[in-house]
Amino acid sequence: MSGVPRLEVIGIRKQFPGVLALDGVSLRVAPGEVLAVVGENGAGKSTLMKIIAGLYQPDAGEIRLDGRSVRLPTPAAAMAAGISLIHQELNLAENLSVRDNVFLGREMTRGGWLRWLDGAAMRRQAALLLQQVGLTPDRLFWRVEHLSPGEKQLVEIARALSLQVRVLIMDEPTSSLSHKETERLYEVIAAVRRAGVSVLYISHRLAEVQRCADRVVVLRDGRLAGELCGTQITHDNMVRLMVGRDLKQYYPRQHRSGRGGPVVLRLEQFRYQGGPDQPASLEVRAGEVLGMAGLVGAGRTELAEAVFGVRPWRDGQVWLDHRPLRIRHPRQAIAAGMVLVPEDRRRHGLVLDASVGFNLSLPNLRLLSRWYGISRRQERRWQQHWIERLRIRTPSPEQLVALLSGGNQQKVVYGKWLAGRPRVLILDEPTRGVDVGAKAEIYALIDELAGQGAAIWMITSDMEELLGMADRVVVMHEGRIVGELDREHLSEEAVMHLATGGRTPPAGDRHPATLPRWRPDGQADAAG
Amino acid sequence: MSRILGVLGLLTVLYAALILSNPSAGRLDNLMDVANIQGRYGLITIGAALVIIVGGIDLSIGSVCGCAAVLFGVLMERGVPPAAAVALTLAFGLTVGLINGLLITQLRLQSFLVTLCGMFIYRGVARLLAGTVSRTRAVEQHPEFVESLQQLRYLLIGKDATGELLFPAQFFLLLVTAVLVGFVLHRTAYGRYWYAIGYNDQAARYAGVAVERHRVIVYVLCSLLAAAAGVLLLLDMPSVQSDSGGLGLELYAILGAVLGGCSLRGGEGTAPGMVLGAMVLPVLENLVSFRGLKSDVIPAVIGLTLLVGTMLDEWIRRRTHPRG
Ligand SMILES: Nc1ncnc2c1ncn2[C@@H]1O[C@H](COP(=O)(O)OP(=O)(O)OP(=O)(O)O)[C@@H](O)[C@H]1O
Ligand SMILES: [Mg+2]
């Protein structure tokens with residue numbers, strides 16, 4: 001690297017109560033360079049980025065911009081210096097419109113201190129930004145709460161670009177984006193780096209890192225574990241530095257059950273209120289991982305939520321272990337042995353203001369109750385057990401869940417369901433924001449559960465994960481299940497083809513795999 | 001926009017019922033009387049609503065209003081000219097708001113607790129200042145105030161020397177305030193920040209908004225409006241008792257704000273909604289008195305109305321499109 005780096009941080013240290021999050025980290029980025037920062041959950045990546053963005057103050061260390069030492073006491077100061085952070089956890093004012101969120105804190109105004117909003121100018125500018133990130137312009141005046149997580153993420157990105165940005169920090173920007181939206185993001189990154197913007201890119205999806213980073217730094221336990229450039233950037237190298245050892249089996253599907261197990265969950269012509277008019281039919285077998293692919297907004301989450309009882313049913317039949325089900329409330333779904341690990345863990349998966357232990361116990365209080373009530377000692381022991389079993393990194397069960405790193409929060413959501421030994425697990429983006437090590441652990445867990453005969457319905461936008469874990473894949477497009485692929489015919493192209501609305505195999509595809517409802521016995525039956 | 005349809009419907013029904021209930025109820029002078037009360041309620045409702053929008057609550061409004069009325073009277077009795085007394089009383093409101101705001105943002109105390117304490121404290125201060133204050137007594141002691149006091153009364157209340165209501169000045173005051181507040185809320189960056197803070201102060205902070213400062217500003221505005229309502233109270237009424245002046249007004253104000261579309265969760269509410277929400281209660285009270293019902297039924301009727309209003313509001317809200 002030659003010349004003055006755009007951004008340089010030197011010896012940053014940050015102590016939280018009970019956790020030394022950063023212990024003397026230094027790094028530098030050149031103008032127009034994409035530097036990826038990787039590391040396990042809790043390694044301190046987000047903390048470092050928040051320090052650079054003026055949200056936290058370091059206990060020690062220095063930040064230099066274009067060679068000059070700067071102090072960034074507030075986010076506003078960092079923004080004024082051209083540093084823009086896209087947060088790992090969505091941080092939007094959901095009661096405001098998309099346009100208002102894009103400009104929140106930096107409204108275009110007239111009239112001096114009156115700060116009279118210039119609505120027209122903001123609308124024009126916002127429309128351009130939305131186009132740039134690939135969000136449909138009709139969303140401009142929608143309240144953000146009505147957007148899907150993927151769309152919210154795009155709003156965050158548009159927000160970051162609205163600034164005269166010199167350093168763009170993206171903390172897991174793709175964790176809720178679909179394949180197509182991710183491609184779009186790469187284009188955005190390519191465009192800003194051409195304009196000389198330095199990009200700091202954090203992701204747990206190592207394939208992405210490999211693809212878009214010029215250089216990778218690895219954090220481990222708050223320290224710099226190593227640095228990779230160019231051809232050194234390989235999956236194995238990164239993993240070795242991150243976890244300090246080789247990870248053998250990454251996708252450990254050992255219990256692949258052939259295609260044998262009995263059908264556990266079956267939807268027949270199922271429709272729900274507010275859903276698409278086309279009914280959905282679907283089967284998940286015991287011991288099987290059914291992958292569900294589709295673009296963001298294809299209606300996968302909605303379908304899962306409806307089956308789980310979050311949305312009211314309209315018609316059709318749902319069978320669990322050959323018994324017809326009628327679910328009006330998640331309580332009934334859980335009683336029947338069906339659980340949901342939701343896509344948006346902070347909103348639907350966790351009581352954020354409560355402790356790790358509280359969250360783990362919540363759905364299992366019946367299990368923990370004796371005639372005299374809950375035994376605190378036993379509860380704590382039980383919580384410890386799950387914390388260890390899932391390797392949740394927390395100083396104690398009493399730690400607030402909101403203070404855990406993203407990946408560890410996700411593990412808490414798993415922990416709270418696994419104790420009940422569910423028959424059907426609906427996993428909506430099961431490893432969103434989870435590091436490689438923990439991912440491998442979660443995959444092993446899924447495999448183990450499948451091995452014990454659970455039926456797993458896994459909704460995912462992570463192509464690697466889909467290809468690595470699913471025994472069978474159904475693809476949704478615009479609210480409909482448009483096709484099914486079994487293991488032999490599963491490929492990225494086939495999935496994308498169906499997900500983008502293609503019905504016939506793409507040219508040159510040898511497989512008949514993309515026919516609707518492809519069955520293992522080789523017979524394509526009528527759709528529906 | 002749809003957020004105010006519910007309260008608009010409720011008001012229409014109430015006004016129709018009022019006019020049909022009694023021929024004299026629909027007369028202009030009665031409607032002006034009602035409007036005058038609506039104006040005073042409206043001012044405190046706006047204050048309460050702003051606090052609710054930033055995700056807080058202010059329970060001290062009634063006591064601050066009563067205390068301000070008493071302070072205003074005592075100052076005049078001690079020989080402070082009326083205009084100066086108004087200024088000092090408003091300064092009192094400002095100070096109270098500043099204290100509330102700083103306690104809530106700097107010491108991170110909960111707004112409910114801080115203002116609940118304020119509710120007791122300022123009621124106590126009022127009772128320490130005087131048992132009762134009256135305009136006539138102030139004028140007896142200082143005859144030189146007669147003219148300026150009457151001028152104030154004409155300007156702010158709309159009543160002439162005989163006590164007849166010439167025009168609903170308090171309602172006009174409300175409209176002017178609502179337009180100003182509406183401008184800030186809906187047309188400037190400050191309003192944007194208030195909505196963002198109320199819904200998700202973390203998001204606002206991350207966006208570089210000075211969350212604490214804005215919260216303090218809003219509490220100051222709220223107490224300032226409450227003190228202004230206290231001044232109006234003493235200008236309107238012949239006398240104000242320190243133990244009952246403005247008693248329970250905070251609940252009326254919160255109720256008006258909620259009827260007008262503010263969500264107690266924060267981040268919701270519009271200026272027109274606040275005005276409409278504040279208009280409901282005085283009409284209702286007037287209706288009850290014209291129906292010849294005993295004032296004992298007023299609390300029950302108020303409670304029921306609020307319930308119906310919130311149900312209507314929720315029903316409409318569930319039917320709205322993601323836009324807007
Ligand atoms: N505000 C806070 N208070 C206390 N501890 C915190 C706080 N923020 C982070 N931590 C702790 O600091 C450590 C580093 O967290 P950080 O969020 O930076 O990890 P990360 O590398 O971003 O992880 P992930 O990949 O899961 O997002 C974790 O142990 C976390 O629990
Ligand atoms: Mg993080």
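Reader: What is the relative accessibility of A:Asp221?

Author: A:Asp221 counts as partly exposed, a class that lies between buried (under 20% relative accessible area) and exposed (over 50%), with a 1.4 Å probe and protein chains only as cover. This is a predicted model, in which local features need pLDDT of at least 70 and side-chain atom pairs count only at pLDDT 80 or more, while totals for chains, interfaces and linings use all residues. Residues are numbered from 1 along each chain as its sequence is written, chains are lettered from A and ligands numbered from 1 in the order in which they are written, and side-chain values use heavy atoms, with hydrogens and water left out. For A:Asp221 the relative accessibility is 43%.

Reader: In which loop is A:Asp221 found, and what is its phi?

Author: Helices (H or I, at least four residues) and strands (E, at least two) are DSSP runs numbered from the N terminus. A:Asp221 sits in the chain A loop between β11 (215-220) and β12 (223-229). Although A:Asp221 is not a glycine, its phi is positive, at about 50°.

Reader: Is A:Glu429 buried or exposed?

Author: A:Glu429 lies in the loop of chain A between β21 (424-428) and α16 (436-451), and it has a positive phi of about 50° although it is not a glycine. With a relative accessible area of 6%, A:Glu429 is buried.

Reader: Which backbone oxygen does the side chain of A:Ser162 reach?

Author: A:Ser162 belongs to the loop between α5 (149-161) and β9 (167-171) of chain A, and it is buried at a relative accessible area of 19%. A polar contact is a pair of N or O atoms within 3.5 Å, where within protein one must be able to donate a hydrogen and the other to accept it, and residues adjacent in sequence count only if both atoms are side-chain atoms. At 2.7 Å, the side chain of A:Ser162 reaches the backbone oxygen of A:Arg159.

Reader: Which residues come nearest to ligand 1?

Author: A residue is near the ligand if one of its heavy atoms lies within 4 Å of it, and 20 residues are around ligand 1. The ones that come nearest are A:Asn41, A:Ser46, A:Thr47, A:Gln88 and A:His204.

Reader: How much of the accessible area of ligand 1 does the protein cover?

Author: An oxygen atom of ligand 1 is 2.9 Å from a polar backbone atom of A:Gly44, and a polar side-chain atom of A:Tyr56 lies 3.4 Å from a nitrogen atom of the ligand. Ligand 1 on its own has 640 Å² of accessible area, by the Shrake-Rupley method with a 1.4 Å probe.

Reader: Between which domains does ligand 1 lie?

Author: Within the shell, α1(A) gives the largest share, three residues. Domain bounds come from an automatic or database domain assignment. Because both domains of chain A give residues to the shell, ligand 1 lies between domain 1 (7-243) and domain 2 (263-525).
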